[in-house]
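Here is a brisk report on one residue and the chain around it. Start with the residue, then step back to the whole.

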Amino acid sequence: MPTPSLASLPIRRLTLRDLTACADLSEDRGWPREEHKWGFLLTAGKGYGIDDPGGGLVSVCAVTEYGPHERPSLAAIGMVLVAERHARQGVGRRLMRHVVAALGTTPLTLHATPYGWPLYEELGFKATGRAEMVRGRLTPGGSEPGVSTRAATAEDLPAILRLDEEVLGADRTHIITRLPAFADQLRVAEENGRLIGYAAAWPNMDTHVVGPLIARDTETAKALLASLAARTDRPLRTDIDVRHEELLDWAKERGLASVAFNSVMTYGITELPGDWNRRFAPLTVAAG
């Protein structure tokens, strides 16, 4: 039997049954397996992939849509991966073209590594910002932020959803309502009984990823980050919008180190909706 050409292999929707194959592909490219995150992306969003006739997957990507189910107002693309044995053969380009076409007129966003930038630029994505990944153990010291935080309760969920939609500019109910089960910590910041920020820390390999991080101002963001750090033995990892220089400087002074930069790119819109001043870090760069 002749081996089918890569161009003839069908693109299909992935399901949770493909989680192990997605994790295997991540590992193939030198990424962590991140099975907990893959499970979230495949259930909260959509996965697309190409099966390898020899077993496993040739290529995958994840799409997370926001807004009304029948007419999303924004979609985030992430986890775009091609198996090492099939790299540089146009597979990633073909999969991305398929996904962009499938999403029609929906505005798109993604976080691009320097490696992926040329492909996304070729497809029409424009760089509109940058995020800096920082990682490490946040150590206490100096003057602590004077903002009250506490563990979120079920009664906080409506206020969290309202704040999230206001800051993100899109309804993420189907994402945020999964946070209590997905994250190990979900905390809120209050002032006079009013919610002014919230943040989650979810397990990813040997770290806790902080995201989303939504806060009224930098002091509130510091308080939420510090409160999450105080309740875990794992290093923290998060991706902070580089415009939040004060938070980045504070985090680095407390022990977090810069790991990498990603470019925030958009397609069909000139900038992300919502209020970037209160949007400090995404849930994950794969889902925005």
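Aspartate 52 counts as buried because its relative accessibility is 13%. Buried means under 20% relative accessible area, exposed over 50%, and partly exposed in between, with a 1.4 Å probe and protein chains only. This is a predicted model: local features need pLDDT of at least 70, side-chain atom pairs count only at pLDDT 80 or more, and totals for chains, interfaces and linings use all residues. Residues are numbered from 1 along each chain as its sequence is written, and side-chain values use heavy atoms, with hydrogens and water left out.

Aspartate 52 sits in the loop between β2 (46–51) and β3 (57–66). Strands are DSSP runs (E, at least two residues) and helices are too (H or I, at least four), numbered from the N terminus.

| Partner side chain | Distance |
|---|---|
| Arginine 85 | 2.8 Å |
| Histidine 86 | 3.0 Å |

A polar contact is a pair of N or O atoms within 3.5 Å; within protein, one must be able to donate a hydrogen and the other to accept it, and residues adjacent in sequence count only if both atoms are side-chain atoms.

Neighbours within four places in sequence aside, aspartate 52 is in contact (heavy atoms within 4.5 Å) with Leu57, Val58, Arg85 and His86.

Now the whole chain. It holds 9 helices and 13 strands. Of its 288 residues, 54% are buried. Its C-alpha atoms fill a box of roughly 70 × 35 × 30 Å, taken along the principal axes.
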